[in-house]
Amino acid sequence: MLHGPGGTPIKDLESAALQLVTEKCDPESSVVMFSGGKDSLVALDIASKAGVEHAVFIDSDLEFSISRDYVRKMKKFYDIEFVQPVNDFFEFCERISPPSKRLKWCCKVMKLALMMDYGIKNQKFTFLTGLRSDESRRRSKYTEIVSDPFLFSNPRYTFKQVNPVLLWSEREIWQYIHENELPFNPLYKLGSPRVGCWCCPLASRQEWDLARDLEPEKMKKLKKLIRDFSLKLPARYRHKYVKNGWKSFAFKYHKNPVMKMSIPNKTYTLVARDFYLDKVEDLLFILSSKFQRRSGSLSFDLDVDLQKQQIRMLLEKSLNCVGCGVCLVLCPVGALYLDPKIKVDSSKCVGCFACCKRVDSKLKMGCVARNYRMSRNTIEF
């Protein structure tokens, strides 16, 4: 019988994973997040044995073409649904910035918010993953049942993430695959140590060589985007950024004050160009049912118990909106929508203020643009 490095038989590891999925996952409300990689393949096979048969593959331009073809072939063996992002990666690179190790907005915009939206619409609130703890320092802190803070940010729905192979080693993953004769992604045979986005800033040199060979047109497009973005940076840094500096790029964002807010006699007054006042008026119903609009100013009485900082941050969401839709999944009643930028449906809003809360230290109020754009429109007190 095959054993793992710690002497645990693979069958025992499989039994423990099966037990976890059986006890913690309702087949009707659970779905496997299948990436096409070896770890999620094992998680998918174990979940299928436990009765969780439905899986989702996010079919975007970020996946290697060879991976997408592989997943299509795997539909012969498993119930895998292809879900396509509504957002275009390259378009949002221009609106925000190319993602980097320190500005990793892409997962939220292209994947996580999409899965939350899918879960809400299809009543799937448990996501099974192939996440393993020895993949990174951050993942080593995970437990078998865990969640990104973003998944807990909608007060109406309780999402959880189950990681049945969390404590498995890479060798144990491959042992399970070979012992069960599972067809695996051909990217591994080409030398790739992992399966992920072809343009990931965390990719190794070997993975970048594969991307250059397998996705030449997309690589040309990415290189042009990086060169174009470098022109927004100080001249002394442009060459370093283009060469490889973009992978670790971060910046001290530039504040662009476009509005002033004052509170004379407990009435809030906003002074700005009408262009910006039009934007904040789209979200004002959340704060007040009484407001007066004039050319160059907008006054309102606050109906809710919120701090100035919360009010400012909420209104700045509308001033910086790039239409990514990430914050929409935080609303428990679906009152937020895009047309084409963020707005609120007053007939649905129940005043729960989920849109005014901090999601985590890196995503205040769920606003990707307000947290990741290099230049951000702000309101001065």
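Pro-340 is found in the loop between strand S11 (336-338) and strand S12 (342-344), where strands (E, at least two residues) and helices (H or I, at least four) are DSSP runs numbered from the N terminus. The peptide bond from Asp-339 to Pro-340 is cis, with omega near -10°. The model is predicted: local features need pLDDT of at least 70, side-chain atom pairs count only at pLDDT 80 or more, and totals for chains, interfaces and linings use all residues. Residues are numbered from 1 along each chain as its sequence is written, and side-chain values use heavy atoms, with hydrogens and water left out.

Most residues other than glycine have a negative phi, and most peptide bonds are trans. Asn-265, which is not a glycine, has a positive phi of about 55°. Asn-265 is placed in the loop between strand S7 (254-262) and strand S8 (267-272). With 76% relative accessibility, Asn-265 counts as exposed; the classes are buried for under 20% relative accessible area, exposed for over 50%, and partly exposed in between (1.4 Å probe, protein chains only). Phe-353 has a positive phi as well, near 65°, and lies in the loop between S12 and helix H12 (368-372). Just after helix H6, Glu-181 takes a positive phi of about 55°.

The buried residues of H6 are Glu-172, Ile-173, Trp-174, Gln-175, Tyr-176 and Ile-177. These buried residues pack against helix H1 (10-24) and helix H2 (38-49), contact being defined as heavy atoms within 4.5 Å.

Ser-192 is found in the loop between H6 and H7. At 5% relative accessibility, Ser-192 counts as buried. Residues up to four places away in sequence not being counted, Ser-192 touches Leu-187, Glu-207 and Leu-210. A polar atom of the Ser-192 side chain lies 2.4 Å from the backbone oxygen of Arg-194. This is listed as a polar contact, that is, a pair of N or O atoms within 3.5 Å; within protein, one must be able to donate a hydrogen and the other to accept it, and residues adjacent in sequence count only if both atoms are side-chain atoms.

Side chains of opposite charge can pair when their charged atoms come close. The structure holds 25 salt bridges, each a side-chain nitrogen of Lys or Arg within 4 Å of a carboxyl oxygen of Asp or Glu. In one of them, the side chains of Arg-194 and Glu-207 meet at 3.0 Å, N to O. Arg-194 lies in the loop between helix H6 (170-179) and helix H7 (205-214) and Glu-207 lies in H7, so this pair ties together parts that are 13 residues apart in sequence. Arg-194 is partly exposed at 31% relative accessibility, whereas Glu-207 is buried, with a relative accessible area of 8%.

A salt bridge also joins the side chains of Asp-278 and Arg-293 (2.9 Å, N to O). Asp-278 belongs to helix H10 (residues 274-281) and Arg-293 to strand S9 (residues 290-294), so the pair ties together parts that are 15 residues apart in sequence. Asp-278 is partly exposed at 41% relative accessibility, and Arg-293 is partly exposed at 28%.

Arg-72 counts as partly exposed at 41% relative accessibility, and Asp-69 counts as partly exposed at 40%.

H7 and helix H8 (residues 216-230) pack at an angle of about 110°, with their axes 5 Å apart. Axes are lines fitted to C-alpha atoms, for helices over the stretch in contact, and angles run from 0 to 180 degrees between N-to-C directions. H7 is therefore roughly perpendicular to H8, the class for angles of 65 to 115 degrees; under 35 counts as roughly parallel, over 145 as roughly antiparallel and the rest as oblique. Trp-208, Ala-211, Arg-212, Asp-213 and Leu-214 of H7 make the contact with Pro-216, Met-219 and Leu-222 of H8. By class, this contact has six nonpolar, no polar and two charged residues. Ala, Val, Leu, Ile, Met, Phe, Trp, Tyr, Cys and Pro count as nonpolar, Asp, Glu, Lys and Arg as charged, and the others, Gly among them, as polar.

Lys-221 also lies in H8 and is partly exposed at 46% relative accessibility. Lys-221 and Phe-90 are 131 residues apart in sequence and 8.4 Å apart in space, C-alpha to C-alpha.
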